[in-house]
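Hi,

Here is the structure I said I would pass on.

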Amino acid sequence: SCPTAWAYGNEALSDVALAFVPKLAAASKVPATRGRKRKAQEGPDEPQATCTIAAHRFCLAMYSAYFNALFVRWAKDDKTVKLEYEGPEDLAAVRACIKVMYLQKLDAEDLPSEPEGSISLLLKMICWADMLQAPTCTELCISKLADNFRPGSAKDVNGMLEGLPESVLELPSFAKVQEACQKWLQRSFADVHEVITKEELLEAFQQLCPRAVLTWMKHDDLIGTENDVAFLVTCWYEGEQGRAAQEQDLIALSRHLRVSQLATSVRECMLPVLPWFTEDHLLPIFTTIHRRYGSAAAQKFPHLSIPNSWVAARKTAVPGLARGEFEEREWFLWRVPLSAVAEMLEQQDAKSEYCSDWFYSKGAYFRANLVLKKPQMELRAEVSAKLVKNVPALDVQLLIRQSRPDVRGRGLKILDKSSVLSPKRRTCAVVAPPTTELMPVLQRQLVDGHLVFKIKVHPI
């Protein structure tokens, strides 16, 4: 049993009163501080205490470095010590903190029965325990928090990773809470390609705080390439949370990107101009030494402070999709109705185009175009990359196939197989050579009334 449990609420041997007062209206306009910056306040113009607790200097000083210093230096003879709180929940949290300090335990009946209220109170208690420098109270609250915390949204994860004092995040006992955050992030955003291409998932990802994005980024079990990771972080940066990120957050994200796993053109052309990437000054040096020493580059030159993540191995997740489905997702299926070609023929322009929607593939957006040149009457399939502001042209690998019927059913013809495509010049694949009878030629290529193309393209 705890030797000080008997003293809680006991007025017989009390030698000091803890008075809890609401913060002044004027003070409420000042941005709230957290952690150890919050101080006990006293003064003749303050509002009266809403409640008091009979306390004992010896007990408080034993479990709280804050009270120990207060009684030794500033409140040696004071009969009352005032603590300011910000609202009813804050008052409940500080009172619960004092009780835990006396009893050296946290009972479930002291917390609200509903999980959301329980989590909210525990977070406030942890902030008070950190301010009062009461480590046992902090540990007990974090342990209870780990048992109760079941994140269900970005807001839950953000509150856990951003709402607590820095000193608490470094405690070993916080690892269990962080693990719960990691599991939710992994479960929600493991398939990077899916997050990028599905609007509702992308919006949810953009709501993550910087620490949550960093926690997600460190995970080995992400499905996709490092190009995808860099692209998704860029999308996040364009959202509200990304725009509000501090410089130290962006430095941390930059240093945890697996730079060596990026496609060469992404690493050399795109990465240096991404708005969130802050370590571009190291890239030329890294490129040189990595080309020679590979994954040992960081250890060979420790004075250069090259992040270990830059030479880390690729992500190792096994796709949740069947292998065939996962590979099929890398292909863009484009079905062009014959009526689109007919409309192009009716146009008077020397060059008519029919374009696909933009589609994403491993770090960039692309678009397919069907181009009819007149008067030659030549039909070509082209692929172009979406130019990003300040980003030079990327080299990509490209494969265009066209499904065509044949005597055995459906055939497959490779129209273009190219290792390099610059988005400043499209690559062309001839669908129908110059002819005076274009429509009959195309009629023989139709599959279910469409010209059908499969396109595989990605940066290299």
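A question to start with: does C181 count as buried or exposed? Its relative accessibility is 0%, so C181 counts as buried, since the cut-off for that is under 20%. Keep in mind that this is a predicted model, so every value here is computed from predicted coordinates.

Staying with the cysteines, the structure holds zero disulfides. C181 is in none, and the nearest cysteine sulfur to it belongs to C209, 8.6 Å away. A disulfide here would need the two sulfurs within 2.5 Å. C269 has a relative accessibility of 23%, so it counts as partly exposed.

Next, the helices. α11 and α12 pack with their axes 12 Å apart, at an angle of about 170°. Angles over 145 degrees count as roughly antiparallel, so that is the label for this pair. On the α11 side the contact is made by P210, V213, W216 and M217, and on the α12 side by V229, L232, V233 and W236.

The loop between these two helices, α11 (210–217) and α12 (226–237), holds L222. With a relative accessible area of 2%, L222 is buried. L222 also sits 9.5 Å from R314, C-alpha to C-alpha, although 92 residues separate L222 and R314 in sequence.

Now the rings. The count comes to 16 aromatic pairs. One of them is W184 with F189, which is edge-to-face: the centres are 5.7 Å apart and the planes are at 85°. Both W184 and F189 are buried. Another pair, F231 with Y360, is tilted, with 4.9 Å from centre to centre and 50° between the planes. This pair links distant parts of the chain, as F231 is in helix α12 and Y360 is in strand β6 (residues 359–361), 129 residues apart. F231 and Y360 are both buried too.

There is also a ring cluster: ring pairs link W184, F189, F205 and W216.

One last item for your charge-and-ring list: K454 lies over the face of W331, 5.3 Å from the ring centre.

Cheers

How values were computed: Residues numbered from 1 in each chain as written. Predicted model: local features only at pLDDT ≥ 70, side-chain atom pairs only at ≥ 80, totals over all residues. Heavy atoms only, no water. Helix = DSSP H or I, 4+ residues; strand = E, 2+ residues; numbered from the N terminus. Buried < 20%, exposed > 50% of the residue type's maximum accessible area, 1.4 Å probe, protein only. Phe/Tyr/Trp six-rings, centres within 6.5 Å; stacked < 30°, edge-to-face > 60°. Lys NZ or Arg CZ within 6 Å of the ring centre and 35° of its normal. Axes fitted to C-alpha atoms, helices over the stretch in contact; angles between N-to-C directions. Parallel < 35°, antiparallel > 145°, perpendicular 65-115°, else oblique. Contact = heavy atoms within 4.5 Å.
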